Amino acid sequence: MAFTGLQIFKYTPAAQKKEHTNCKECGCPTCMAFSLKLAKQQIKTDKCPYLTKEFVDKYNEELRPAQKTITISDLKIGGENVLYRHEKTFINKTILGVIVDCSEKNFMQKINDICNFGINIINEQQKIDLIILTNCTEKIDNLPIKTITEEDLNNSGLNIIHEHDFQTTKDILITNRQKAILEKDENYSAPTCVIMRDENIDIQCAKASYYLCKYANMIVFPSLDKEMLSTLMLLRQNLYTDPQKTLQVDSGLYEFNNPDENSIVFLTTNFALTYFAVANELSSIDKSSYLIIVPAQGMSVLTAWSAQTLTPETITKTLEDLNIKNKVKTRKIIIPGLLSDIREELNQACPDFEFVEGTREASDIPEFVKQLDTI
Ligand code: SF4
């Protein structure tokens with residue numbers, strides 16, 4: 001773990017009551033200010049000439065990346081510094097590769113299938129990252145996906161595990177990552193690639209899901225199984241998003257099923273999961289609608305309400321910015337059921353509209369819409 005500001009401060013002249021205390025030569029007003037900056041890596045150790053060599057060596061050792069980064073055809077692999085994503089974030093997502101045997105008759109078809117496969121998850125296009133070519137005698141150019149020969153993969157510097165039994169593979173993956181991160185042991189610093197064997201797809205999927213979580217930097221599959229890889233891509237996206245940054249969509253007015261000025265109008269926050277939950281329901285019902293997305297720093301409805309990013313003021317401002325008054329004839333706006341406490345306040349703050357309490361769960365929207373005429 002990197003040094004904290006307080007830990008660094010103990011090594012400065014101020015804490016040790018030595019000459020040069022708070023001398024400002026580093027450009028900071030105090031040794032404490034310098035320590036806090038150094039902890040955030042916003043300043044270099046050489047700015048203070050009074051730190052001991054012993055401390056500087058320790059500090060540099062802490063900063064040394066625990067795991068090496070290996071680059072294959074522009075794909076960065078490894079370089080991780082933590083065991084768990086909530087400690088900071090994972091850096092380079094697990095590479096998903098598929099093997100293609102060029103001695104097979106239909107190998108070009110297989111390559112095309114891999115290249116054409118992709119899914120969109122929360123506005124992010126997910127694709128296979130790498131094709132591993134075996135028995136390849138000719139170069140295959142102009143593919144939209146990176147390729148590597150089996151031989152080059154073996155010589156890439158990755159720690160390659162040919163998957164046999166789950167227990168052994170799991171133990172190697174965990175030991176390697178723990179030794180690399182906790183002990184900074186260079187013998188374990190190479191990123192790990194697991195080559196899956198051809199077996200029942202459910203078992204392959206269960207094993208690969210575990211290896212993805214702990215701690216494969218690359219997983220290579222013997223063939224393209226779209227359902228399994230879609231599952232793994234979803235899991236990977238969850239693991240490799242930065243837990244300190246919420247997934248957001250742009251604020252604005254979204255349309256479902258060709259709305260016109262008489263369509264129903266819903267409103268919610270710009271937290272991506274909230275947006276997609278509501279959007280899925282609105283596209284599935286047999287009525288047209290609008291969805292107003294209020295900018296709320298990517299927070300869900302309750303969090304945004306508690307953090308005061310979803311208030312009568314922010315909602316009123318969004319309605320004005322989007323010119324809702326002139327875009328729709330209806331004067332009813334359906335707000336999330338979780339906002340029932342501010343409904344009256346909203347009606348007063350924004351008298352041009354009537355705010356109607358909607359559902360607490362997006363999944364209840366279709367039933368709610370059926371009953372709308374009676375509201
Ligand atoms: Fe403290 Fe900065 Fe002076 Fe070093 S250079 S002793 S950190 S004030």
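In which cavity does the ligand sit?

Reply: This is a predicted model, in which local features need pLDDT of at least 70 and side-chain atom pairs count only at pLDDT 80 or more, while totals for chains, interfaces and linings use all residues. Residues are numbered from 1 along each chain as its sequence is written, and side-chain values use heavy atoms, with hydrogens and water left out.

The ligand sits in the largest cavity. A cavity is a set of points, on a 1 Å grid over the protein atoms alone, where a 1.4 Å probe fits but cannot get out; a molecule sits in it if more than half of its atoms lie within 2 Å of its grid points. Around the ligand (a heavy atom within 4 Å) are Pro 13, His 20, Asn 22, Cys 23, Lys 24, Glu 25, Cys 26, Cys 31, Phe 34, Cys 48 and Tyr 50. By class, this shell comprises seven nonpolar, two polar and two charged residues. Here Ala, Val, Leu, Ile, Met, Phe, Trp, Tyr, Cys and Pro count as nonpolar, Asp, Glu, Lys and Arg as charged, and the others, Gly among them, as polar.

Most residues other than glycine have a negative phi, and most peptide bonds are trans. Asn 135, although not a glycine, has a positive phi of about 50°; Asn 135 lies in the loop between strand E6 (130-134) and strand E7 (146-149), strands being DSSP runs (E, at least two residues) numbered from the N terminus, as are helices (H or I, at least four). Lys 214 and Tyr 215 are joined by a cis peptide bond, with omega about -15°, and Tyr 215 is placed in the loop between H7 and strand E10 (218-221).

Definitions and conventions: On a 1 Å grid over the protein atoms alone, a cavity is a set of points where a 1.4 Å probe fits but cannot get out, and a pocket is an open set with protein on both sides within 12 Å along at least five of seven lines; lining residues have an atom within 4 Å of a point.
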